[in-house]
Amino acid sequence: MEAAAETQRVQTLVEAGVAHLPPRYVQPPELRPHLSRRSSATADCGGIPVIDLGPSGGDPAAAIGRACREWGAFQVLNHGVRPGLLEEVRAMGSSFFRGPTEAKLRFACDPRSPASEGYGSRMLAKDDGVLDWRDYFDHHTLPESRRNPSRWPDFPSSYRDVVIEYSNNIKKLAQTLLCMISQSLGLPPLYIEEAVGEVYQNITISYYPPCPQPDLALGLQSHSDMGAITLLIQDDVEGLEVLKDGEWVQVQPLSDAVVVILADQTEVISNGEYKSAVHRAVVNAHDPRLSVATFYDPCKTRKIYPAMQLVTKQSPLKYREVLYGDYVSSWYSKGPEGKRNIDALLISH
Ligand code: OGA
Ligand code: NI
């Protein structure tokens, strides 16, 4: 029975025609998305900042600093990723998820180990939590020693080449953004990149099938990302939300934009000047939704700690040093629950 549950894909449930949400996917009342209340709150708020990195956008550093301080998330335009590539990545992902189940299961991840590469559905190793209404494909893309395209889908035929080009393009953009973020903190441009060390990059394509009772479920539970920075693209279906001053705010889908989400290690390095964004994905009854998140993480043996230049009398040391591997283990075994994991590093004064 448990083995069957472990390999269950949400898309398979939907294709079998479930009319009601199976109990494992029902969120407790306090975590449900309140779809009707959310839309009016979003309309008032305007959404996360959209920043133009192109030559006509002026100097983006100040806008980036403000967005990191106030939101921990923003969207960028004219970001230097090859025009057309974002659409190719989305088309590649949806073509995989539209494929036959048996073909997809050839690339199934190992359900017993967290963050294993491949086609899966469950984010956490623990067995007792509410499940997300999401299937995904996780690719290990950097450093190149972890990159083994034979573990990635071979349909459509361009799949593996597109992933490699996207991985390289997004690495460059992430480095550019980390430079700008470092400078906006008054640190040397390479500070955060050097604090993170060699980049461990994973690319996760998430597929959120239509949900029979979207007001009872979440596509992805509330969390902050555990690494340094996440760059995400989405199709034209709404669903990603960022928590701001206690309200969930919709991230408007913009086809040419890349969504930038600050993750926990950048919050630690900035000594809490910048916050990692708490975010989640909601689902809807009619349209499947696709997103592609690229995570820029430290190596598990890396120690992460606040930049001493940012520790002053007015802003004393806020976080304990952490071995990144320990942080990851705790995240996967306890679950994200908003920002509980980073809160465990807080130093009390
Ligand atoms: C993630 C994530 C949001 C989305 O994969 O960490 O937050 O919209 N995804 O898929
Ligand atoms: Ni996330």
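Start with the largest pocket, which is lined by 39 residues; nearest its centre lie Asn202, Thr204, Met226, Phe295 and Tyr332. A pocket here is an open set of points on a 1 Å grid over the protein atoms alone, with protein on both sides within 12 Å along at least five of seven lines, and lining residues have an atom within 4 Å of a point. This is a predicted model: local features need pLDDT of at least 70, side-chain atom pairs need 80 or more, and totals for chains, interfaces and linings use all residues. Residues are numbered from 1 along each chain as its sequence is written, and side-chain values use heavy atoms, without hydrogens or water.

The volume of the largest pocket is about 750 Å³, counted as the space filled by probe spheres set on the points. Strand E5 gives the largest share of its lining, six residues. Helix H10 (324–334) and strand E12 (289–297) are among the elements that give two or more. By class, the lining splits into 20 nonpolar, 10 polar and nine charged residues.

A cavity is a set of points where a 1.4 Å probe fits but cannot get out. There are three cavities of 30 Å³ or more. Which elements give two or more residues to it? H5, H7 and strand E5 (200–208) do. H7 gives the most, with three. Eight lining residues are nonpolar, one is polar and none is charged.

On to those helices. H5 (residues 85–98) and H7 (residues 159–184) have axes that come within 10 Å and cross at roughly 135°. In H5, Val89 and Met92 are among the contact residues, and in H7, Val162, Val163 and Tyr166 are among them. Contact means heavy atoms within 4.5 Å. The residues of this contact comprise nine nonpolar, one polar and two charged.

H7 has another partner. Helix H4 (residues 61–70) packs on H7 at about 80°, with the axes 9 Å apart. That makes H4 roughly perpendicular to H7. Ala61, Ile64, Gly65 and Cys68 of H4 meet Leu177, Met180, Ile181 and Ser184 of H7. Six of these residues are nonpolar, two are polar and none is charged.

Key: Chains are lettered from A and ligands numbered from 1 in the order in which they are written. Axes are lines fitted to C-alpha atoms, for helices over the stretch in contact, and angles run from 0 to 180 degrees between N-to-C directions. Helices (H or I, at least four residues) and strands (E, at least two) are DSSP runs, numbered from the N terminus. Ala, Val, Leu, Ile, Met, Phe, Trp, Tyr, Cys and Pro count as nonpolar, Asp, Glu, Lys and Arg as charged, and the others, Gly among them, as polar. Angles under 35 degrees count as roughly parallel, over 145 as roughly antiparallel, 65 to 115 as roughly perpendicular and the rest as oblique.
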